[in-house]
Amino acid sequence: VRSENVVFVNTLAYTGKDPARMDVVSFRIGSTDNSPVYIRRIIGIPGDTVMISGGKLYVNDVQVTLPGEGAAIENPGAASYGVKLDDGEYFVMGDNYNESSDDSRLDSFGTVKESRIIGKVWYICSPRGSIGRVK
């Protein structure tokens, strides 16, 4: 999902169900409903430890491959030392992780609380060349 995409968000997707690793979610950072909305992929779920070492992503000491080109991760940020997630806490990254993607690697961004998740992004409806289900 790119910044120019217009998407559909299923706001009921997590009714009675927790967000899962690799889900693409919409959420707010900040404590108000007027805070900016972001779209990122869930990498780590509560109880996980997320680490980036040698350009590779590890969740609970198991290497994880991200969708897309598979390029080495250039900036591990906070994940260079490992980030242990508490209950109701998620580690998120943008699919364009080597571009200017604000995500959980940045101390200023941090992890995402479950209460701030709006829903699951499931369909890109614009622009024309990007239309389709989110993978």
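This is a predicted model: local features need pLDDT of at least 70, side-chain atom pairs count only at pLDDT 80 or more; totals for chains, interfaces and linings use all residues.
Residues are numbered from 1 along each chain as its sequence is written, and side-chain values use heavy atoms, with hydrogens and water left out.

Lys-120 forms a salt bridge with Asp-23, the closest N and O atoms being 3.6 Å apart; a salt bridge is taken as a side-chain nitrogen of Lys or Arg within 4 Å of a carboxyl oxygen of Asp or Glu. This pair links distant parts of the chain, with Asp-23 in the loop between S1 and S2 and Lys-120 in strand S10 (residues 117-126), 97 residues apart; strands are DSSP runs of E with at least two residues, numbered from the N terminus. Asp-23 counts as buried, at 10% relative accessibility. By the salt-bridge rule the count comes to five, and among them is the pair of Arg-21 and Asp-48, whose closest N and O atoms are 2.3 Å apart. Here too distant parts of the chain are linked, since Arg-21 lies in the loop between S1 and S2 and Asp-48 in the loop between S3 and S4, 27 residues apart. Arg-21 is partly exposed, with a relative accessible area of 32%, whereas Asp-48 is buried, with a value of 5%. A further salt bridge joins the side chains of Asp-103 and Arg-105 at 2.9 Å, N to O, and both of these residues are buried.

Arg-40, in strand S3 (residues 37-44), is buried yet has no salt bridge, the nearest side chain of opposite charge being that of Asp-103, 5.3 Å away; in this assignment Lys and Arg count as positive and Asp and Glu as negative, while His and the chain ends are not counted.

Four strands form an open sheet in the order S6-S5-S4-S7, with antiparallel pairing. Strand S6 (62-64) and strand S7 (83-84) stand at the edges, each with a single partner strand, so one side of each is left without a neighbour in the sheet. Strands S4 (residues 49-53) and S5 (residues 56-59) run antiparallel and are joined by four bridges, where pairing requires that DSSP finds at least two bridges between two strands. In S5, Val-59 is the bridge partner of Val-50.

Most residues other than glycine have a negative phi. Met-22, although not a glycine, has a positive phi of about 80 degrees; Met-22 lies in the loop between strand S1 (6-10) and strand S2 (24-28) and is partly exposed, at 24% relative accessibility. Asp-61, likewise not a glycine, has a positive phi of about 70 degrees and is found in the loop between S5 and S6, where Asp-61 is exposed, with a relative accessible area of 73%.

Methods: Buried means under 20% relative accessible area, exposed over 50%, partly exposed in between (1.4 Å probe, protein chains only).
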